[in-house]
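Before turning to individual features, please look over the fold as a whole, and then follow the helices one at a time in the paragraphs below.

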Amino acid sequence: MTQQYVLITGGAGYIGSHCALVLLQSGYDVLVLDNCSNTYSANKDDKPESLKRVEKLAGKTLSYVYGDLSDCQKLKDVFTLYKVSCVIHCAAFKSVKESWDLPLFYYTNNVTGSLNLFHTMSECGVKNIIFSSSSTVYGDPQFLPLTEDHPTGQNCANPYGRTKFMVEEILKDLSLSDKGWKVYSLRYFNPVGAHPSGEIGEDPLGIPNNLMPVVSQVAVGKLKELAVYGDDYNTPDGTGVRDYIHIMDLAEGHTAAVSKLLTEKEDGIFKAYNLGTGSGVSVLEVVKTFEKVNKINIPYKVAPRRPGDVASSYCAVDLAKKQLGWEAKHGLDEMCRDSWNWQSKNPNGYRK
């Protein structure tokens with residue numbers, strides 16, 4: 001029988017590497033395509049350090065191709081050389097702040113790159129895809145908790161969120177026009193934490209934009225203090241409320257989605273699933289929990305609100321539980337513990 005791969009675009013990054021690990025441990029053959037724009041690699045001809053550690057943890061090897069979604073010939077080569085049964089599309093720029101500063105950069109990479117991938121998949125007859133989407137497609141929530149039938153694309157708060165919405169709409173149109181397409185869109189709610197071993201975790205290149213890596217870098221002494229953007233929101237303590245999900249739960253959610261998608265009986269489908277815990281936690285609650293669990297002080301200062309941030313965002317998780325057989329198992333204490341375990345063992349991330 002020909003070996004069949006789950007291809008993960010952007011698979012050397014934070015989310016992709018944890019997904020690769022759980023997929024390997026679940027018996028899947030994994031192929032990663034990554035240009036290492038947001039993960040450390042000594043050179044393009046060698047596997048990134050994150051993937052070497054994934055292989056060590058799994059006790060199995062994966063296949064890796066250095067490449068970019070702008071390179072259509074490289075994409076064709078990948079699908080020609082490898083038998084791909086399903087694609088997990090994680091490759092995207094993801095900074096809300098940066099998307100305001102560089103919108104064309106984001107639309108080109110996130111939307112045009114996705115179109116290149118979908119064109120190549122269609123030409124090569126691979127039409128099973130799991131899209132790494134985001135809760136930002138919901139915009140400023142009209143009601144909470146957010147369900148999958150909440151309107152999307154209305155008042156998306158930032159260019160990053162609009163790129164995710166646009167790609168979802170493209171995939172919806174694809175599934176309507178060609179019944180061969182089977183699409184699951186996984187809408188993430190703030191992934192945090194790391195593998196409990198501390199071997200793999202979040203290692204953003206440059207200054208991090210997300211809360212937990214900033215807290216971790218303050219804890220390890222790389223940053224002086226945490227900036228809390230806004231303390232005057234209509235929330236219990238005035239700081240933004242989000243649905244944080246442990247990265248291992250998120251990776252398990254992808255594996256459940258792959259298993260379900262590959263046995264999906266319906267044709268021409270687009271299904272969206274929220275991946276979160278179903279409860280909201282404020283910025284200050286995260287800080288206080290991190291301090292309590294890890295017995296370390298996190299100095300912070302209040303800064304003005306950032307454009308594109310909403311007061312509260314958390315989801316309903318019933319659909320993923322019912323249809324994928326998945327639900328989050330790890331709480332905030334574990335998220336904070338595993339984040340610090342990774343950062344304290346790897347103060348410079350994957351760099352030596």
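A crossing of two helices is called left-handed if the near helix is turned anticlockwise from the far one by less than a right angle, and right-handed if clockwise. The model is predicted, so that local features need pLDDT of at least 70 and side-chain atom pairs count only at pLDDT 80 or more, while totals for chains, interfaces and linings use all residues. Residues are numbered from 1 along each chain as its sequence is written, and side-chain values use heavy atoms, with hydrogens and water left out.

Helices here are DSSP runs of H or I with at least four residues, and strands are runs of E with at least two, numbered from the N terminus. The crossing of α1 and α2 is right-handed. In α1, Ser17, Ala20, Leu21, Leu24 and Gln25 meet Ser50, Val54, Leu57 and Ala58 of α2, where contact means heavy atoms within 4.5 Å.

Helix α5 covers residues 103-124, and its 22 residues should span 32 Å at 1.5 Å a residue, which agrees with the 31 Å between its end C-alpha atoms; the expected span is 1.5 Å times one less than the number of residues. Among the buried residues of α5 are Tyr106, Asn110, Leu117, Phe118 and Met121, buried meaning under 20% relative accessible area, exposed over 50% and partly exposed in between, with a 1.4 Å probe and protein chains only. The buried residues of α5 pack against elements including β1 (5-9), β4 (84-89) and α6 (159-177). After α5 comes glycine 125, with a positive phi near 75 degrees.

Helix α6 also holds glutamate 168, which counts as buried because its relative accessibility is 0%.
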